[in-house]
Amino acid sequence: MEKNDQALIRAVLAGNKDAYGDLAERHGETMFRVAYRITESESDAEEIVQETFLRSYRSLGEFDARSDFRTWIYRIAVNCALQLLAKRKKEGAVPITEEFDDEVSGIQLAQGGAGPERLLLDKEIEHRRRAAMEKMTEDERVAFVLRHLEGRSIEEIAAALGVTPNNAKQAVFRAVQKMRRALAPLWRAPLLGSRPGMKS
Amino acid sequence: MKHLTEEQLVEHYFADDAESRIAAETHLRICRRCEQAYQEVSNVLAAPAPHPPVHMPGFGRQLWKSIQSPLPAYPAKPRPTWFSLPRLVVAGACLVSLVAAFVGGSHWQRSRKVPMEAANPALAKQRVVLFILDDHLDRSERLLVELSHTAGDKRVPNGSLQADSLQADSLQAEARQLLPDNRLYRQALASGDDPMMSATLDHLERVLLEVANSPDKLNAADIARIEREMKTDTLLFQVRVLRARNSSQETKVESLSKGASI
C-alpha cells in the first residue's frame, strides 16, 4: 500500500533517509512546474527544485505534522524562486526582450487565422509578454503566476508570499496592469473595428 | 452609470464566487465601455505562457539521487523498551497507588456505613418496611384494576355477566397469594400510629378473602357483586393514595439516611 506523506515524513525522521525519495518522486514535478512558470527558465527551475527539496529535508524536523506537506513545500519553492529572481536582478541579468512601443500600430493584427500574420502576432505577443514579466517585481510575478497559471486562491498566495491577502490581491492587480499595458495595444484597434454593432 | 474600475475587472476575471460574478456580469451586459475593457483584460490574460518542459517519469527519483549524498540521515529514535528500569519503576508506583486507593476506599466505605446503620436502625427498618409495603400495594392495585376491568368489559347486552374463566382463575390465584402477606402486614401495623394504612389493609383483606374464597369457578356475577358490595373502587383509590404517600416517605427516609452517612 502506498504510504501517505505523513507516514513518509515519520519514516524519514525515524532514520529512513530513502523515504524522502518517495516524497521527491511525488512532489518533484509539481514544484518544477511552479518554478518554471515563475522563472521561465528550465535551468533556474531545476536549481529551485533542488534547493527546495534540500531545504525541506533539513527543516523536516520543524514540520508540523498536522499541516499539508504539499502546501509546506510549495511555500519553500516560492521562497526559493523569489530569492533566485532577486539574485538574477542583482546580477544584472540582461533581459532577453527589448523595450517596446505601446502605440506601435504596425503589429495590430487580427486574432484569427493562420499563416505568416498569425506567426508574427504570436511572436510579438510572446516578446511583449516576457517584457511585461520582467517589468514585474518578484512579488508581482509570483502572485501573477500563482493566481493566473496555478489557480491558487488569494489566501494561499498571501501565505506563500508572507503578506496580507489584500497585499497579495494588489500584487496580482499590478501584475495584470503591467501585462495589459504591454499587450492590449495588439488587440485594441482590430477589436473595436470588428464589433461595430455593439450596445452602449 | 458607474463603470467598473480596472481592479474590479481583474477581480471579476479571477472571481471564484458566483455572487460577485453575477453583479459584474449584469453590468457588463448593459455597458459597452466596460465590456470592451473586460474583453481586453481577458485577451491579455489569455496570452499563452510557455509550457513547462515535460520530464520523463522518475524525475523526482533522479532529483533525489542528485541531492541525497550530502544529506545526513535523521538519527533513528530509540525504540521504547518497556522493561527498562524507569518504566518498571513507574509501573510499580502506579500499581502500588492503585492498590492503596482500592484498600483505602474499601476501608473508608466500611467505616462510613457501619456507624450509619448502627446509629439509626429505625431508619433502616422503616426503609425495608416501606419497600415491602410498596410492593404489596402495587400487586394489590393491579388486582383491583383487573377486577374492575373484568366486571366492566364483559357486560353483555342482556345484562348478564360472563367473566373470562381464565382471567377469573388468575385473579383468584393472585388473591390467595396476597392474602397471607396482607394479614401479616395488617397485624404488624395494627399497633402503630397509621390508621389510614391499617384501615386500607383491613378493607383489602376482606376483598382478598372474598375473591380467594369464592367457588372454584369465579363467575362474572360474583365479580360484579364483590365490586359493588366491597366498594373496590374506593379501595383502589385508597391504595393509590397510600402508594403515593409511601413513595414520598421513601425519598425522605433515603435522604435522611444519606444525611446520616455524611
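I count two residues as in contact if their C-beta atoms, placed from the backbone, lie within 7 Å. I keep in mind that this is a predicted model.

**Entry 1: two helices in chain B**

I used that cut-off on helix α1 of chain B and helix α3 of chain B. Which residues of α1(B) meet α3(B)? I found Leu9(B), Val10(B), His12(B) and Tyr13(B) on the α1(B) side. Facing them in α3(B) are Ala37(B), Tyr38(B), Val41(B), Ser42(B) and Leu45(B). I sorted this contact by class and got seven nonpolar, two polar and no charged residues.

Next I looked up the geometry. Two packed helices are described by the angle between their axes and the distance between the axes. α1(B) covers residues 6–14, and α3(B) covers residues 32–45. Their axes come within 10 Å and cross at roughly 55°. That angle makes α1(B) oblique to α3(B). I noted the crossing of this pair as right-handed.

**Entry 2: two helices in chain A**

I turned to α4(A), residues 69–91, and α7(A), residues 154–161. They pack at an angle of about 60°, and their axes are 8 Å apart. α4(A) and α7(A) are therefore oblique to each other. α4(A) passes α7(A) in a right-handed crossing.

Which residues meet here, between α4(A) and α7(A)? From α4(A) I listed Tyr74(A), Arg75(A) and Val78(A). From α7(A) I listed Ala159(A), Ala160(A) and Leu161(A). By class, this contact holds five nonpolar residues, no polar ones and one charged one.

**Entry 3: where the chains touch**

I looked at both sides of the interface. On chain A, 41 residues are in contact with 31 residues of chain B. Which element of chain A gives the most to its side? I found that α2(A) does, with 11 residues. Other elements giving two or more residues include α1, α3 and α8 of chain A. The chain A side has 21 nonpolar, seven polar and 13 charged residues.

**Entry 4: the nonpolar cores**

How many residues are in the largest nonpolar core? I read 59. The residues with the most contacts inside this core are Ala35(A), Ala77(A), Ala81(A), Val142(A) and Ala143(A). α8(A) gives the most to this core, with 11 residues.

I picked out Ala77(A) and left aside its neighbours within four places in sequence. It is then in contact with Met31(A), Val34(A), Ala35(A), Ile48(A) and Thr52(A).

Technical notes: Residues are numbered from 1 along each chain as its sequence is written. Chains are lettered from A and ligands numbered from 1 in the order in which they are written. This is a predicted model: local features need pLDDT of at least 70, side-chain atom pairs count only at pLDDT 80 or more; totals for chains, interfaces and linings use all residues. Axes are lines fitted to C-alpha atoms, for helices over the stretch in contact, and angles run from 0 to 180 degrees between N-to-C directions. Helices (H or I, at least four residues) and strands (E, at least two) are DSSP runs, numbered from the N terminus. Angles under 35 degrees count as roughly parallel, over 145 as roughly antiparallel, 65 to 115 as roughly perpendicular and the rest as oblique. A crossing is left-handed if the near helix is turned anticlockwise from the far one by less than a right angle, and right-handed if clockwise. Ala, Val, Leu, Ile, Met, Phe, Trp, Tyr, Cys and Pro count as nonpolar, Asp, Glu, Lys and Arg as charged, and the others, Gly among them, as polar. A nonpolar core is a set of buried Ala, Val, Leu, Ile, Met, Phe, Trp, Tyr and Cys residues joined through C-beta atoms within 7 Å. A residue is buried if 20 or more other C-beta atoms lie within 10 Å of its own, exposed if 12 or fewer, and partly exposed in between; C-beta atoms are placed from the backbone.
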